Amino acid sequence: MSLLHFAILIPFVVAAAAPLFYKYIPKVHTGWFVLPVPLYLFVYFLMQLSTVRTGDGVQATVPWIPSLDIAFTVVLDGLSLIFALLITGIGALVVLYSIYYLDKDKEAIHRFYLYLLLFMGAMLGVVLSDNLVVLYGFWELTSLSSFLLIAFWYRRTKSRYGAQKSMLITVFGGFAMLAGIILLYLMTGTFSIREIIAQAGALPGQDLFLPAMILLLIGAFTKSAQFPFHIWLPDAMEAPTPVSSYLHSATMVKAGLYLVARLTPVFGGAAEWFWLVSAVGLLTLLWGSVSAIRHTDLKAILAFSTISQLGLIMTLLGLGSAALYYGIGDAGNVYVIAITAAVFHLINHATFKGALFMVVGIVDHETGTRDIRYLGGLMTLMPVSFTMALIGTFSMAGIPPFNGFLSKEMFFTAVLHASQMDFFSMQTWGILFPVLAWIASVFTFIYSMIIVFKTFTGKFQPDKLDKTPHEAPVGMLISPVILVSLVVVFGLFPNILSYTLIEPAMASILPSLLSPGDYFEVKISMWHGWQPELFMTLGIFILGTLLYLSLRSWRSVYQLIPEKWSLNHLYDSGLKLLERGSLGITRTYMTGSIRQYFVYIFGFFAIILLYSLFKLGAFQITADSYAEISVYEVLLLAAMIFAAVAIPFVNSRLTAIILLGAVGYLMTTFFVVLRAPDLALTQMIVETVSVTLFLLCFYHLPKLKKEISAPKFKITNLIISIGVGVTVTLLALSANGSRLFDPIADFFIKESYNLAGGNNMVNVILADFRGFDTWLEVMVLGVASLGIYSLIKLRMAEPLPLEGGSKREDQ
Amino acid sequence: MKINDVILQTAAKIVVFIILTFSIYLFFAGHNNPGGGFIGGLMTAGGLVLLCLAYDTKTIRKVLPVDFRIVTAIGLLVATLTGLGSFLFGAPFLSHTFDYFTLPLLGKTELATATLFEIGVYLTVVGVSMTIILSIGEDR
């Protein structure tokens, strides 16, 4: 156990304690007790900066299931550190914000902090684990805690809907990821990411390489809300705003990005990886930014904006993986800048998106609505929130001097380079990258403007608001102010990040490009001359402004696309179809009719046995071992067949019983002929008793309906019964024909008197040689008699009403 | 109005003893001849059923104040204890043994522990059959 292990475990421990604080110290908002945890962890991770910078970072192992190669190994390198700082830093700010956002008397805040800390610990576990199985465990825990947090207000239908949707989609991805992890294990023989990376060179040729890649990417795409799995994120906005800010913009949705970045050394350099990651990212970027404008709810706009920005980072990670195509010793190549941009934008996005969500939360909290149609003119009423929204959205739109501008410029550099690639068949498609990225950025600009100007400028409409809006309390403003300051600071002095965080992170994403002791050099500058990137940005400003001003005239374009074509509709109807389909399928065969089930059982029995009998060539009939057939046997058999065959054709139950009894007594005679006196005796008495019992049953049956016609004839019944009869006959003949060993009977004949002192061999076997069977059979008899006794004696006075399921509606 | 079935009752009085004797014969014959606990038990039950038919179950209850469920339980207990008894001699469960003894009146006789087991079977079968038949018969 190292401190790093404790860093993961502390949130879980405090999570367990949170309800206790709530119960025993109700005067103080529970959030104050929770706040020290992320704060402490943030400081702890900050102190690791220098160790990560110089070396491999911290590593520690605790064995968990050694026989399965599962160890709780934690590794802190550059990539993990960025995420750990984001998780704990924004976590602390979100906890602080939530203290003012959630009322301690009206809300179940003990549950809130329980889930939130659960999530924090799980997320730290995801980014710090080196063992893929442990990582998967924490991964699912983030899905679970996210599910719980989305449905925090569980009395609302939409919350439950959103929680279920996110659960289904992320867990679907999680399972795919687990399969991918197992495939990786099959290829490499280890679950440790470091060891897999060490073996990465041998992987690309293998058969499982592509399936493993695709499965792992499905996991990453579902978690990071990439197209077409992004549909859960807008519905997750039903969660309290601190949760949206923390999970659904800054941390959890970046887990997929983390996974992609983490596995880049394994899969990067392969054309499939490049194409999947960057194309899906680009599509998500475009789709998210275009869809955002459609919405009027601020959180929905931010949700689609998050989707779009995640797509941007994903694209960059995809483009950056091309750097690995060149291999060792080319650290200076142009694709590395894509990774730099990805890491940089990852940090930037967390800062401004976290702040924007908090601002939206403030607006919601102070006005009672998040709909931009009702909002407007809040600038003078909420100046601080306005300033923060302005900086956040300008950064998101990529306007200087904020940090979003820098990462967007780098993004353009990367896509422009991508258009000049001459591998992975980029010659044909490469030009799409800058074009689509540019279009997406224009839309990003437009929705950014919508967020800030539709909310804070324009006409103030107090009559449409439930509350009188005013500036939020100071406590609620602290967190977004800090985040916004970071936006400005990172924008003006980006290089404080580059040396401390980005370079080590790049070293862990592209380890093979570095020779030992070397490191990446990242210099981010605000001004780099009259480059095409700058003109692209200028174009965005001009076109974006024009489009924003003329928004009213072209927004109705969105109405042209009917709701039916949306992915949400596809998901909903797919789910409905699945439910209805499975219900339909179940209803077609689970009819509740015993006859049907017997048809299945016997049909299956006959088919599978006949098939295997002939498939395995077990069918053989040899007449050598047959005894002579005597005339008695022939006569008895004829009588027996007559009695048995007659049963289905008689019209009266009494006749059927008597015929059944006849079969039984004929059987007795058969035992006599075949020289089995004990069996004959027993068979005779048992047959008498059972016929008597049958008669008893039928005496109490309701009056027989006068059935003139013979019992109903069903062709399936005939086929099945003949099939079963033939099967059993063939099986018996084959079994007799292929006797492999001498029977054990000789031993009993020889030894029954010597060993057991009895001449009646049957009885000696029953009581002595195989007494155990007899012992249990008398037990069976005892149980049966007690069963009959209790059935008769312990009857309810009134028969209980039948439960709902027993009555069938569909027939 | 009660039907007078004196012939049946008189015949039953005699026949029952023959049946019971035969059932005991079947039981003891089992070791060397056809028969045994199972058939003997069924035959005993058959005799008792004849009594039930000739008289009525209430009378039989009075004549034989036996709870047949307890008979079943005793039978199962005897069979089980016979099996467990072999542990006392360090033998596996349900190991049987036999030997020949010279007894007064009977002379040289074979005694086998298997017979104890058969007694268990016998009692169980009697108990089971009678429980089933009586509980069905007494049901209104």
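Predicted model: local features only at pLDDT ≥ 70, side-chain atom pairs only at ≥ 80, totals over all residues.
A salt bridge here is a side-chain nitrogen of Lys or Arg within 4 Å of a carboxyl oxygen of Asp or Glu. Residues are numbered from 1 along each chain as its sequence is written, chains are lettered from A and ligands numbered from 1 in the order in which they are written, and side-chain values use heavy atoms, with hydrogens and water left out.

**Where the chains meet**

- Let's start with the interface: 37 residues of chain B are in contact with 36 residues of chain A, contact being heavy atoms within 4.5 Å.
- Together the two chains bury about 3100 Å², with carbon and sulfur atoms making up 71% of that; buried area is the accessible area (1.4 Å probe) that two parts lose on being put together, summed over both.
- On the chain B side, the most area is lost to chain A by Ile39(B), Arg69(B) and Ile136(B), which together account for 15% of what that side buries.
- Four elements of chain B each supply at least two residues to the side that touches chain A: helix H2 (37-54), helix H4 (68-88), strand E1 (98-103) and helix H5 (113-137). Helices (H or I, at least four residues) and strands (E, at least two) are DSSP runs, numbered from the N terminus.
- H5(B) gives the most to that side, with eleven residues.

**Salt bridges within the chains**

- In chain A, Arg194(A) and Asp77(A) pair through their side chains at 3.8 Å, N to O.
- Arg194(A) sits in helix H9 (residues 193-198) and Asp77(A) in the loop between strand E2 (70-76) and helix H5 (78-101) of chain A, so this bridge ties together parts that are 117 residues apart in sequence.
- Asp77(A) is buried at 7% relative accessibility, whereas Arg194(A) is partly exposed at 30%; buried means under 20% relative accessible area, exposed over 50%, and partly exposed in between (1.4 Å probe, protein chains only).
- Shared partners join Asp77(A), Arg194(A) and Arg262(A) into one salt-bridge network.
- Arg370(A) and Asp297(A) form another bridge, at 3.1 Å from N to O. Arg370(A) counts as buried at 19%, and Asp297(A) as partly exposed at 23%.
- In chain B, Asp67(B) bridges to Arg69(B), with the closest N and O atoms 3.2 Å apart. Both ends are partly exposed, Asp67(B) at 31% and Arg69(B) at 30%.

**A buried serine in chain A**

- Ser289(A) belongs to helix H14 of chain A and is buried, with 0% relative accessibility.
- A polar atom of the Ser289(A) side chain lies 3.0 Å from the backbone oxygen of Leu285(A), and this side chain also reaches the backbone oxygen of Leu286(A) at 3.0 Å.
- Beyond neighbours within four places in sequence, Ser289(A) is in contact with Ser308(A), Ala440(A), Phe443(A), Thr444(A) and Tyr447(A).

Definitions and conventions
Polar contact = N/O pair within 3.5 Å; in protein donor to acceptor, adjacent residues only side chain to side chain.
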